[in-house]
Amino acid sequence: RWIGVLICGETALTLLILVSGGLLLRSYERLSTLDLGYPREGVARLAVTLSPDDAGPVEGRRAVYERLAAAVAEVPGVTASGLVAPTLPPWDPQRGRIRFAELESSGMADGLPAGVHLSDDGLFSALKIPIVAGRNFHASEPDDVAIISRGLAARLGGEQPALGRTITVLPAEPGDPEERFRVFGVAGDVAYDG
């Protein structure tokens, strides 16, 4: 009798593992064909992490990244390069919360969760992410401007109405200042996570 129960249990467990494995393979197949918003072919990713000890204050790290971008652009076969911090999609973005006037009036004064990234003027062209409204960055851009996604622009009333609006990035740590950015570009959506 116990042998029969054991065989039934093993059979049920085997079926459960087979079904779970099949679902996992289907999920992997769907994820591998997901449109990320940029082409996967011909894109190389290089992750560089600098500590304050490596390059000193922020200005020193910026100079290191600029030299790195120039060196990468000189590599034979490289047609475009761009910098982004903290990392490229679909890996985890820097999590932040943003706020704009409509959120405050709707009772969401604590902000909307968003992926917040710093990038240079080459990122969108290197990844072939279209700028659907406004314009791309240029090298001498002031620090208080932003390009937002098409999805966020929809929350701001659409692509054209979002241009010129101000968004506030709430501080990650208590005591840090809020940062305000003027939207001057809207880019196509990119899959970061989820």
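**Close-up views of a predicted model**

**View 1. Asp120 and its surroundings.** Asp120 sits in the loop that links β4 (118–119) to α5 (123–126). Setting aside neighbours within four places in sequence, you will find Asp120 in contact with Gly82, Leu83 and Phe137.

**View 2. Polar contacts of the Asp120 side chain.** Let's take a look at two backbone nitrogens beside this side chain. A polar atom of the Asp120 side chain lies 2.9 Å from the backbone nitrogen of Leu83, a residue that is also listed among the contacts of Asp120. The backbone nitrogen of Leu123 is reached by the Asp120 side chain at 3.3 Å.

**View 3. Strand β8 beside β5.** Here we move on to strand β8, which spans residues 179–187. Strand β5 (residues 131–134) pairs with β8 in the antiparallel sense, over 3 bridges. To find your way into this pairing, look for Ile131, which stands opposite Ala187 of β8.

**View 4. Strand β8 beside β6.** Strand β6 covers residues 145–149 and pairs with β8 in the parallel sense. There are 5 bridges between β6 and β8. A handy landmark is Ile147, whose bridge partner in β8 is Gly185.

**View 5. Strand β8 beside β7.** The pairing of β7 (residues 166–169) with β8 is antiparallel and runs over 4 bridges. Taken with the previous views, β8 pairs in the antiparallel sense with β5 and with β7, and in the parallel sense with β6.

Technical notes: Residues numbered from 1 in each chain as written. Predicted model: local features only at pLDDT ≥ 70, side-chain atom pairs only at ≥ 80, totals over all residues. Heavy atoms only, no water. Pairing = 2+ DSSP bridges. Helix = DSSP H or I, 4+ residues; strand = E, 2+ residues; numbered from the N terminus. Polar contact = N/O pair within 3.5 Å; in protein donor to acceptor, adjacent residues only side chain to side chain. Contact = heavy atoms within 4.5 Å.
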